[in-house]
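Please examine the sequence and the model shown below.

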Amino acid sequence: MKKFLLPLGVAAVVVYSLLPFLWFVLASWKSPAQLTAIPPVVVPEFHWGFYRSAIVNYGLLGYIKNSAIVAGATTVVSIAIGALAAYALTRFHAVWLRWYLLVLLCVSMFPQIAVAGPVWRILNALGWLNRYPGIIVAYISFSLPLAIWILSTFFKELPYEIEEAALVDGCTRTQVLRLIVLPLAAPGIFTAAILVFIYAWNEFFFALIILTSPPLQTLPVGIALFPGEYTIPWGELAAASTIATLPLIALTLLFQQRIVRGLSAGAAKG
Amino acid sequence: MKRFDRAAVWFVLPSLFLVALFSIYPICDSARLSFYRMILMLPWLGEKFVGLENYGDLAGDPVVLASLGVTLLFVAVSAALEVSIGAGMALLLNESFRGRGLVRAAVLVPWAIPTVVSSQMWRYIFNDRYGLFNFLLFGRDASRYLAPLAEPGLARAAIVFADVWKTSSFAALIILAGLQTIPDELYEAAEVDGASAWQKLRRITLPLLKPALLLALLFRTIDAFKVFDLVFVMTQGGPADSTNVLQFYGYKKIFAEGMIGYGSAISVGVFFISLALALLYIKLIGASVLESGAAR
């Protein structure tokens with residue numbers, strides 16, 4: 001019975017997980033008539049017109065550029081700042097450091113609306129609305145709890161003896177971090193970077209309120225506000241969605257084990 | 001035990017500064033603004049201190065109460081479904097079979113897709129004239145086709161479904177981590193004693209899995225409470241406010257209507273609900289953080 005049920009269950013889970021999105025990807029290759037055909041067409045014509053139209057008529061490349069800049073910069077800076085904090089949290093002993101970790105944990109759980117108004121006002125006062133630095137600095141601070149939490153769990157696993165020896169030999173704390181901890185923790189840093197990148201690439205709420213000017217908008221905002229109130233350009237929308245999701249699917253397939261480890265480090269640690 | 005080092009301050013400072021500026025200060029500022037009447041579209045009114053008036057309005061606003069109800073319903077139903085489905089997936093993924101790595105990656109795909117993308121995808125599938133949903137239910141009989149996103153009950157179900165599809169794999173991961181801590185010896189001993197698969201599940205797996213299930217449930221509860229993207233793309237809070245969750249209502253008040261004071265009162269309410277959830281979470285797992293800390 002088990003021999004029969006297991007493949008069935010696995011097949012069901014795979015279909016449930018992949019089929020809906022596959023349907024949307026297929027839509028991007030259909031012809032305009034196939035898009036709205038009943039009965040639905042399963043095998044598309046594989047025509048690339050919607051991709052071309054998404055690029056030419058809907059400025060898809062601009063959204064991709066904005067997303068790449070914002071997510072890339074967020075990842076680099078957030079990991080750098082997060083590594084500093086995670087190093088302190090795992091190498092120094094002080095009660096306030098433990099409270100800091102708890103505050104980070106709390107902060108990461110607040111809904112965006114709890115802070116959105118004042119965040120908008122701060123960026124407005126700085127003149128950073130509709131500018132890369134504004135969205136990037138916001139993303140950095142919102143991704144820091146995640147980055148610090150994951151980096152801490154990886155830093156904790158490194159043998160402290162090497163660092164102690166280096167400190168005795170006269171290395172400074174910064175040198176220890178740079179020359180010993182970071183190289184040893186490279187896999188953990190990579191994992192945290194993937195997760196921060198996915199967060200920044202997918203984030204919608206703050207992008208929506210900070211980037212109101214279309215040439216600066218990221219992919220999620222572009223896709224959510226895709227023009228066309230009554231007739232929705234499904235083909236172009238599906239093409240843009242496929243392209244927006246491609247890097248994430250690639251990351252997931254390539255680094256599935258790392259992502260799982262990072263997520264459970266962030267969640268189940270206790 | 002390592003000695004406290006003043007250098008720790010410098011390592012923590014950059015992150016502390018950003019978190020304080022973009023998370024702690026905004027919460028305090030929301031609390032302050034909630035005592036003022038401030039309307040972005042009517043700047044000549046200025047910032048007028050009105051005491052608790054916004055909170056009084058909040059308590060008497062039927063939309064807010066309905067919105068709270070919708071949010072709690074959404075959170076309860078989707079978190080419960082996500083943990084149940086996640087537990088099923090985890091049990092499956094814990095078995096050994098060929099291609100397990102690929103299946104695990106496949107399960108992660110919905111989690112990795114941007115929520116905005118999956119929301120548009122469901123809009124396409126739920127379309128009232130050519131959506132796959134209607135075709136699977138009613139075939140070519142277009143006269144029976146439903147408009148799931150235009151009908152209050154169905155729209156709520158659609159939002160829950162879209163959330164469950166996207167996030168049950170996350171619940172599965174947490175539960176899978178819990179499953180892997182259960183020692184094989186227990187099952188071996190049970191087999192020697194002649195226990196059936198069902199008995200092993202009831203008597204060994206589920207009791208030992210309880211902490212992981214609780215953790216997954218709490219995690220999903222906290223996250224479901226933040227629902228926004230799905231509602232923004234799929235229903236815009238409608239039809240007839242049936243999917244008008246708190247995050248979306250607060251967003252509409254502050255950013256679409258410019259009601260800064262009133263919207264801030266909503267922010268404060270949302271903050272306290274999520275703080276309660278966060279403290280519950282810390283009580284569950286975080287006590288050990290304070291004892292041993294991340295520090296070794």
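Two residues are in contact if their C-beta atoms, placed from the backbone, lie within 7 Å. Among contacts in chain B between residues at least 6 apart in sequence, 70% link residues at least 24 apart. This is a predicted model, in which local features need pLDDT of at least 70, side-chain atom pairs count only at pLDDT 80 or more, and totals for chains, interfaces and linings use all residues. Residues are numbered from 1 along each chain as its sequence is written, while chains are lettered from A and ligands numbered from 1 in the order in which they are written.

Chain B has 12 helices and 2 strands; helices (H or I, at least four residues) and strands (E, at least two) are DSSP runs, numbered from the N terminus. The C-alpha atoms of chain B fill a box of roughly 80 × 75 × 30 Å along the principal axes.

| Helix pair | Axes come within | Crossing angle |
|---|---|---|
| Helix 7 and helix 10 (residues 186-202) of chain A | 9 Å | roughly 155° |

Helix 7 of chain A is therefore roughly antiparallel to helix 10 of chain A, a term for angles over 145 degrees. Among the residues that meet are A:Tyr139 and A:Leu151 in helix 7 of chain A, and A:Gly188 and A:Tyr199 in helix 10 of chain A.

Key
Axes are lines fitted to C-alpha atoms, for helices over the stretch in contact, and angles run from 0 to 180 degrees between N-to-C directions. Angles under 35 degrees count as roughly parallel, over 145 as roughly antiparallel, 65 to 115 as roughly perpendicular and the rest as oblique.
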